[in-house]
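Here is a friendly walk through one protein chain. Keep the 3D view open as you read, and try to find each residue as it comes up.

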Amino acid sequence: MITYEIPEILKKHEPIIKKTFRYSNEIHFKREETKPWESKLGGCPYLKNIKDYPMDEAGEPMLFLAQINLADLEKLDELPERGLLQFYVVNDDMFGLDSPVLVRYIEDYEENEEHLLKKNPYENEEYEGALPFSHSGKMYFKTREMPMSSSLDLFRETFKNELSEAEYEKLSDDCYSSNSRIGGYPYFVQNDYLGFDDDDFLLLQLDIDDECGIMFGDAGNCVFSIPKDALRNRDFSQVEYDWQCC
C-alpha cells in the first residue's frame with residue numbers, strides 16, 4: 001500500500017493533515033480482454049440480454065464507460081462488499097455533461113459466459129469514435145492512503161489559515177491528486193463545481209492514460225461522486241458527474 005509521507009517542512013501540521021487521510025484504489029489499465037463480470041474500461045458490460053442495455057431519454061443507447069467489480073477493491077468500507085458498478089453517460093458531443101448519467105448497481109451476478117453477452121451490442125465505428133478513450137481494457141488496483149486533494153474548495157478552507165505560504169504551497173503540490181481511482185479524493189482540472197466535501201464519496205475518477213488513450217476534451221478527466229448517505233442506502237440516482245479540461 002502507498003501512503004503519503006509527510007515531509008519535514010509539514011511535520012508540525014501532521015495531525016491536521018492526517019485527519020484528512022482517505023483510502024483510495026488507484027486504477028491501472030492494460031489492453032486485455034475481459035470477462036463480462038470483470039473490472040473494465042469500455043468494452044462489453046455485464047449483460048444477460050440486449051434489452052437490459054440502458055437508453056437515454058431520447059431512446060438512444062448510452063455510452064458505457066466503465067465497470068467495477070467491487071470484490072477487487074480494498075479498504076473502501078463505504079462500498080458494498082460484492083456486486084458490480086456500471087457507469088453510463090449520454091452519447092453526445094459533451095460526453096453527457098449536461099444530461100442525466102446512470103450508475104447501475106448489480107448486487108448478484110453469475111460467472112457463466114454462456115448466459116451473458118460477450119460483445120457490446122452497440123459497438124461500431126461511430127459508437128467507438130464517441131468514447132473518451134481509444135481502447136478498452138482491464139483494470140488493476142493498488143491501495144493508497146492519500147491526503148485531501150488541493151483542487152478542492154475544502155482544501156483551502158482547511159489549510160489556508162493554518163499553514164505558512166511556503167507550507168501551503170508544498171502541501172498543495174504534494175496533494176495534486178490526478179490519476180484514475182475509486183475512493184479518496186478527486187482532482188478538478190479547473191474548479192470544484194461539485195463542492196466535494198467530507199460527506200461525499202468518490203465513486204470513480206477517469207484521468208489521462210496512455211495505455212488506453214483516456215482523454216476528456218483537452219487534457220481533461222471525469223469525476224463521479226455520491227453523498228455517503230445515498231451510498232449507504234444504495235441510492236445511485238444521486239450520483240453527480242462532471243468532466244473538465246484545460
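## A lysine and its partner

Lys 48 is partly exposed, because its relative accessible area is 47%, and a residue counts as exposed over 50% and as buried under 20%. Keep in mind as you look that this is a predicted model.

Which residue does Lys 48 form a salt bridge with? The partner is Glu 110, and the closest N and O atoms of the two are 3.3 Å apart. This pair links distant parts of the chain, 62 residues apart. Lys 48 sits in the loop between strand S3 (40-41) and strand S4 (63-69), while Glu 110 sits in the loop between strand S6 (102-106) and helix H2 (125-129). Glu 110 is partly exposed as well, with a relative accessibility of 24%.

## The chain as a whole

Now zoom out. The chain has 246 residues, and 53% of them count as buried. Its secondary structure is made up of five helices and 11 strands.

How does the radius of gyration compare with that of a compact globule? A compact globule of 246 residues would have a value near 18 Å, and the chain has 18 Å, so the two agree. Along the principal axes, the C-alpha trace spans about 60 × 35 × 35 Å.

How many salt bridges does a search of the whole structure find? The search gives 12. One of the pairs is formed by the side chains of Arg 181 and Glu 26, with a distance of 2.9 Å from N to O. Arg 181 lies in strand S8 and Glu 26 in strand S2 (residues 22-30), so this pair ties together parts that are 155 residues apart in sequence. Are these two residues buried or exposed? Both Arg 181 and Glu 26 are buried.

Another pair is found within a single helix. Arg 156 and Asp 153 both belong to helix H3 (residues 153-159), where they are three residues apart, about one turn of the helix. Their side chains meet in a salt bridge at 2.5 Å, N to O. Arg 156 counts as partly exposed at 39% relative accessibility, and Asp 153 is partly exposed too, at 32%. Salt bridges can also join up into a network, as they do for Lys 11, Glu 14 and Lys 18.

## A patch of negative charge

Turn the model to look at the surface. Which residues gather there in a patch of negative charge? They are Glu 157, Asp 197, Asp 198 and Asp 199.

Pick out Asp 197 from this group. Asp 197 has its place in the loop between strand S8 (181-183) and strand S9 (200-206). With a relative accessible area of 30%, Asp 197 is partly exposed.

## Two positive phi angles

Next, look at the backbone. Phe 95 has a phi near 50°, a positive value in a residue other than glycine. You can find Phe 95 in the loop between strand S5 (84-89) and S6. Phe 95 is buried, because its relative accessible area is 13% and the cut-off for buried is under 20%.

Arg 234 also has a positive phi, near 55°, and is likewise a residue other than glycine. Arg 234 lies in the loop between helix H5 (228-232) and strand S11 (240-244). Its relative accessible area is 36%, and it counts as partly exposed.

Tyr 127 is in helix H2 and counts as buried, with a relative accessibility of 5%. How far is the C-alpha atom of Tyr 127 from that of Met 62? The two are separated by 9.5 Å, and they are 65 residues apart along the chain.

For the second pair, go to the loop between S5 and S6, where Ser 99 lies. Ser 99 counts as partly exposed, at 25% relative accessibility. Between the C-alpha atoms of Ser 99 and Glu 57 there are 9.2 Å, with the two residues 42 apart along the chain.

Notes
Residues are numbered from 1 along each chain as its sequence is written. This is a predicted model: local features need pLDDT of at least 70, side-chain atom pairs count only at pLDDT 80 or more; totals for chains, interfaces and linings use all residues. Side-chain values use heavy atoms; hydrogens and water are left out. Patches are made of residues with over 30% relative accessible area and no salt bridge: like charges are joined within 9 Å, nonpolar side chains (Val, Leu, Ile, Met, Phe, Trp, Tyr) within 5 Å. Accessible areas come from the Shrake-Rupley method with a 1.4 Å probe; for residues, only the protein chains shown count as cover. A salt bridge is a side-chain nitrogen of Lys or Arg within 4 Å of a carboxyl oxygen of Asp or Glu. Lys and Arg count as positive and Asp and Glu as negative; His and the chain ends are not counted. The place of a charge is taken as NZ of Lys, CZ of Arg, CG of Asp or CD of Glu. Helices (H or I, at least four residues) and strands (E, at least two) are DSSP runs, numbered from the N terminus. Buried means under 20% relative accessible area, exposed over 50%, partly exposed in between (1.4 Å probe, protein chains only). The radius of gyration is taken over C-alpha atoms; the globule rule is 2.2 Å times the number of residues to the power 0.38.
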